[in-house]
Amino acid sequence: VDGYFMIFKSLSTKKIKIKNQIIPYDLESLSKYAELEEISFKQLEDDLEEFCYILENCYAGLDAAKSKGLNIGNEKNAIINQLNNKPVVKISDFAEIIYQRFSPYISDTHFSIDFFNNCKANYRFTTGYRLYFSDLYVIEKDEIFYVYEYVDKSVKTGSIVQYENLTNYLYEYPAKGKNVYRFGFFSDKFESKINIRIDNKVFEIALYSEVTNKEAFSFFIKQYRKAVYIRYNRCIFNNEEEKLKLQDFSNSAEQCKNKDFIILDIRGNYGGADLYSLKFFSDLYFNNKNKSEKFLKNYKGYVREVYSLASVQSSIYSLKKYCDISIPDIEKEINKLIKLEKKLTQKPQKIIETNYESKINFNKPAYKGKIIILTDRGVASSGESVLEQAYLFFNKNQVIQIGTNTAGCGSFGNVLSYHLSNSGLQINCGFTDFTKKVNKSNKFHGEGKGFYPDYWCTVNDLSETMESVLNVTKEDELLEIYSELKK
């Protein structure tokens, strides 16, 4: 019906009796910890209780961590026993031992511990993977791989390349030609070189990773005769001007509907709110205001949300501080949370709400062109939702991802910050489980790995890759866009 089929969401609720505990969450009070380096053992015990409370009653990934063997009581006792005979403990040591004890069970790129004192280290519980590129290109013929191009001219073109499970390290590289692959090493550890056998001689091949785009807030649209280029590198605003630009993006489908190509450049988009991109894609899919509004009003993918008094209070604070409260859905969410806060104050409990989406199938998009999405490892969280949503509305032949893998922060979101009362350690974790939603397209490869591009490339050969993928001729106006990407 109307170009899509959806059995609308149903809701289940699970309630668990708990004791209310107020965990500090306001960023304004963190300055008092700036010079603090040590706490007493008793203070450590109290902070450890707060940390475990956050895990038990505020974190959406608790069940996933328990499925990997997490026993919070055992880990808490191990930390107490390890530090028991110390009258004072360095805050940095406290953070380190929490990380060492709990990180094996928490596969969540969002989950982190941050410092607001003189300590240097911060801890992310899942390390990100990246592709370490080489300058060795190979070509395949009859299941044998030959040197196609390499910077060391002593390595002759046509030499046979030998490496165990070689195909696992080859990335299609259309910028260089058909059946040409670039050798690379995908790893969560720093890699600078690797030894490869070429014509039975061992060569040390240099490796390097792509630099993440760290441009400040940027949104603009460039119109061409048959294409449109959109730079969209934030889902969050810091001032009124940026807020208006995000609203401009959410309403920009009208400028794209008659174009053959939409080039959506989200490199460096580390997240915020996914409402802007959801409206953009919905408007683009339906090309009908009433149908799009109806869909947006009813749609909610599969999510599990964890509410306790602590998480609700932190969520209200975060929404008011960081989100555009003029958006009806944001205002509605805040009002819901305020009512929930009153309820949980009167009757302490943890509420787990699960929204089910039994079936959704889009089959008649109004937009028939190609959507090219440019990514790098700086794309995270709601930035990755841009990809998730594109694959929701449009088929795989319409959406082409080019660049490198994204950060991989898709499983647990709506991240809230708490800080432990004595040490000031900031604990960041999500109260929403998006696991089934983000995995729906089968394009998300997991925490720390993210969405893999259809075509891997560096910024230096991004334009050449796009030219090859889209079969652009020298007379094509898209060359103007590609030349801009090189700047």
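Select N165, which is partly exposed at a relative accessible area of 49% (buried means under 20% relative accessible area, exposed over 50%, partly exposed in between, with a 1.4 Å probe and protein chains only). This is a predicted model, in which local features need pLDDT of at least 70 and side-chain atom pairs count only at pLDDT 80 or more, while totals for chains, interfaces and linings use all residues. Residues are numbered from 1 along each chain as its sequence is written, and side-chain values use heavy atoms, with hydrogens and water left out.

N165 sits in the loop between β9 (161-162) and β10 (170-172). Helices (H or I, at least four residues) and strands (E, at least two) are DSSP runs, numbered from the N terminus. Check the backbone of N165: phi is positive, about 55°, although the residue is not a glycine. Most residues other than glycine have a negative phi.

Now jump to E143. Its loop runs between β7 (130-141) and β8 (144-149). Here too phi is positive, about 65°, and E143 is not a glycine. Is E143 buried or exposed? E143 is exposed, with a relative accessible area of 70%.

Select N233, in the loop between β16 (227-232) and α5 (240-250). N233 is buried, at a relative accessible area of 0%. Show what surrounds it. Beyond neighbours within four places in sequence, N233 is in contact (heavy atoms within 4.5 Å) with E215, A216, F217, S218, R267, G268, N269 and Y270.

Which backbone oxygen does the N233 side chain reach at 2.9 Å? That of A216. A polar atom of the N233 side chain also lies 3.3 Å from the backbone oxygen of E215. Next, draw a distance from N233 to N213: the two are 20 residues apart in sequence and 9.2 Å apart in space, C-alpha to C-alpha.

R267 lies in the loop between β17 (261-265) and α6 (275-286). It counts as buried, because its relative accessibility is 12%. Its side chain makes a polar contact with the side chain of D265 at 2.7 Å. A polar contact is a pair of N or O atoms within 3.5 Å; within protein, one must be able to donate a hydrogen and the other to accept it, and residues adjacent in sequence count only if both atoms are side-chain atoms.

Select S282, in helix α6. At 0% relative accessibility, S282 counts as buried. Not counting residues up to four places away in sequence, S282 touches S292, F295, L296 and F393. S292 is 10 residues from S282 along the chain, with 5.6 Å between the C-alpha atoms.

Go to P453, in the loop between α11 (435-438) and β25 (455-456). P453 is buried, with a relative accessible area of 7%. Set aside neighbours within four places in sequence, and P453 is in contact with Q401, I402, G403, T404 and N405. P453 and T404 are 49 residues apart in sequence, yet 5.9 Å apart in space, C-alpha to C-alpha.

## Last stop: two helix pairs

Show α1 (residues 41-58) and α3 (residues 72-83), which pack at about 165° with their axes 11 Å apart. Axes are lines fitted to C-alpha atoms, for helices over the stretch in contact, and angles run from 0 to 180 degrees between N-to-C directions. That angle makes α1 roughly antiparallel to α3 (over 145 degrees). The crossing is right-handed, meaning that the near helix is turned clockwise from the far one by less than a right angle.

Residues of α1 in the contact include F41, L44 and L48; those of α3 include I72, I79 and L83. The contact residues divide into nine nonpolar, no polar and four charged. Ala, Val, Leu, Ile, Met, Phe, Trp, Tyr, Cys and Pro count as nonpolar, Asp, Glu, Lys and Arg as charged, and the others, Gly among them, as polar.

Finish with α8 (residues 309-322) and α9 (residues 328-346), packed at about 155° with axes 9 Å apart. α8 is thus roughly antiparallel to α9. Their crossing is left-handed, with the near helix turned anticlockwise. The contact residues divide into nine nonpolar, three polar and three charged.

Technical notes: Angles under 35 degrees count as roughly parallel, over 145 as roughly antiparallel, 65 to 115 as roughly perpendicular and the rest as oblique.
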